[in-house]
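Dear colleague,

I am passing on the structure below, and I would be glad if you could look through it alongside the notes that follow.

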Amino acid sequence: MKRNVILLTLLLALAAGRSPAYQEVVKKVKCPLCGAPVSGTVVTNATRTALRLDLKPIGDLPVPNALLVCPGCSFVLFRDHLNPALKDSLNCFVKSEAYRNEAAGNTSYYLLGRIGEFRKLPDKDIAYTYLCASWQTEDDTARYFRYLELARQFYARGRAGSRDSTNEEYVSLCLQECEMLRLLGRFDQAQEVIDKMKRNYMLNLKDYSQAIELETRLISGKNGRPCQMDWKKEKAELVNYEDQVYGLPGFDQMQAGFEMDSLFFGSMDNDVRFFSSWLNGGTITYSKSFLVAMLHPLDPVLPNRTCWYIDYYRYRLVPDWRDFLRIQQEIGAKAGGLEWLRQWQQADSGKVVEARFQGKKLNAVSQSDRENVKAAWAHARLKGSPDYQLKLYRQDHCFCTLYLGIKEQAALVYHASSGRGTSLRDQMMRDADSLTYFKSFGAPLKPSHWLDTLEVDYNPNQQVPSYAVVFPDGKYEINQRGRSAAAE
Ligand SMILES: [Zn+2]
């Protein structure tokens with residue numbers, strides 16, 4: 001079925017490799033609106049074995065997946081962290097009398113639907129949320145029909161707003177609307193929707209034709225009961241990596257020292273790997289994606305932000321919070337001792353020293369950058385290896401990448417651009433952060449420290465490699481030696 005099967009927070013993983021056992025964790029967070037502690041059990045790994053015609057998944061999983069609701073303000077935590085603008089508007093909405101009146105007698109997904117309406121989300125997403133609410137109340141007829149009718153209205157609204165009445169999205173909206181009508185016992189209207197849709201039907205997809213056929217058969221038999229799709233019985237593993245984070249060992253210790261301000265999927269700068277696939281004989285290019293946690297230490301220390309790239313393998317996150325704390329402490333001991341870095345950070349507001357590392361590794365240098373960083377380090381005749389990676393930000397713009405080594409007192413500035421530099425194009429190719437940086441081009445920030453004025457940008461084709469070395473006393477040198485001098 002290629003309908004929009006959005007299992008909200010559950011991510012559908014490819015059904016390959018070992019199947020994970022059913023797993024759940026207790027998630028403890030703070031309400032992003034009122035700050036009250038919120039906790040509840042959420043499922044991180046489950047197995048779906050079948051699918052109903054109304055898209056309800058069947059299997060070893062709770063449907064719908066539990067949502068956390070704040071006991072203080074009744075906010076449904078669809079996200080743990082909100083940006084200030086969204087937070088302000090939602091605060092007003094959740095405090096409104098209308099919302100508070102509804103909070104008592106309704107389910108979490110119904111309230112989430114109301115929040116979705118307030119946020120003006122797409123009709124089909126709101127419809128699906130109300131559909132989830134109907135699954136929560138299947139044994140409470142009055143509420144079940146009320147929620148189902150809401151789902152129907154939003155599917156109908158989505159259909160009416162479609163510009164193209166031949167594409168998959170339109171057909172799936174019609175099928176859902178029709179299915180809601182059937183479950184509500186309005187068979188004639190259900191048949192009307194399907195007849196109208198079939199007039200423009202051009203898709204040649206087996207899933208759709210089978211669904212239309214089953215729908216038509218049930219309607220003509222005046223059958224209003226939920227029904228499984230016989231042809232959708234393949235096993236699928238459902239994994240929620242975001243929630244796995246809350247169950248990893250060391251989470252409580254981490255929370256005592258850090259605040260996690262966001263959690264998202266991302267890839268490392270330019271980390272594109274090439275795989276030769278024996279399946280199609282060709283080469284597939286893909287960017288490996290990680291779950292990325294952004295964390296701030298509660299104490300005023302350096303680094304004052306950390307980007308932790310969490311890798312996963314076979315439905316599980318690989319590292320845990322003890323790995324995070326160990327590496328974080330190591331980097332903190334190294335970076336915290338650099339007086340020049342502390343002076344840079346304090347010279348102006350909005351300056352961030354960000355540490356980046358991946359899983360149990362000490363840094364998050366992409367595969368494609370690794371050799372270059374090592375070559376620059378060796379050319380600079382620094383001891384050991386470039387172990388820790390730091391990114392410096394001014395007003396949210398990354399303008400400098402530098403490396404520190406366990407065996408080395410000096411730091412390597414691998415790339416830095418004050419905003420007047422000529423290397424912005426190169427940076428954009430290499431560093432996604434520069435996209436936001438690029439927007440500020442033409443209005444460079446005023447330097448408040450010598451580091452803000454540095455212009456270096458290493459690449460392997462330079463005759464004279466462009467990098468700078470900062471010594472422990474804060475003096476720095478921009479490299480002047482040619483590449484062949486490296487062997488000296
Ligand atoms: Zn709250």
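The chain has a mean pLDDT (the predictor's confidence in each residue, from 0 to 100) of 86, with 86% of its residues reaching 70 or more. Over residues 271-285 the pLDDT is below 50, although this stretch has 17 contacts in the model beyond near neighbours in sequence; two residues are in contact if their C-beta atoms, placed from the backbone, lie within 7 Å. This is a predicted model, in which local features need pLDDT of at least 70 and side-chain atom pairs count only at pLDDT 80 or more, while totals for chains, interfaces and linings use all residues. Residues are numbered from 1 along each chain as its sequence is written.

Strand 2 (residues 23-30) runs antiparallel to strand 3 (residues 37-51), joined by 8 bridges, where strands (E, at least two residues) and helices (H or I, at least four) are DSSP runs numbered from the N terminus, and two strands pair if DSSP finds at least two bridges between them. E24 has V43 of strand 3 as its bridge partner, and the two strands form a hairpin with 6 residues between them, in whose turn G35 has a positive phi of about 85°.

E102 lies in helix 2 (residues 97-103) and counts as partly exposed because it has 14 C-beta neighbours inside 10 Å, the cut-offs being 20 or more for buried, 12 or fewer for exposed, and partly exposed in between, with C-beta atoms placed from the backbone. Leaving aside neighbours within four places in sequence, E102 is in contact with L111 and R114.

Best regards
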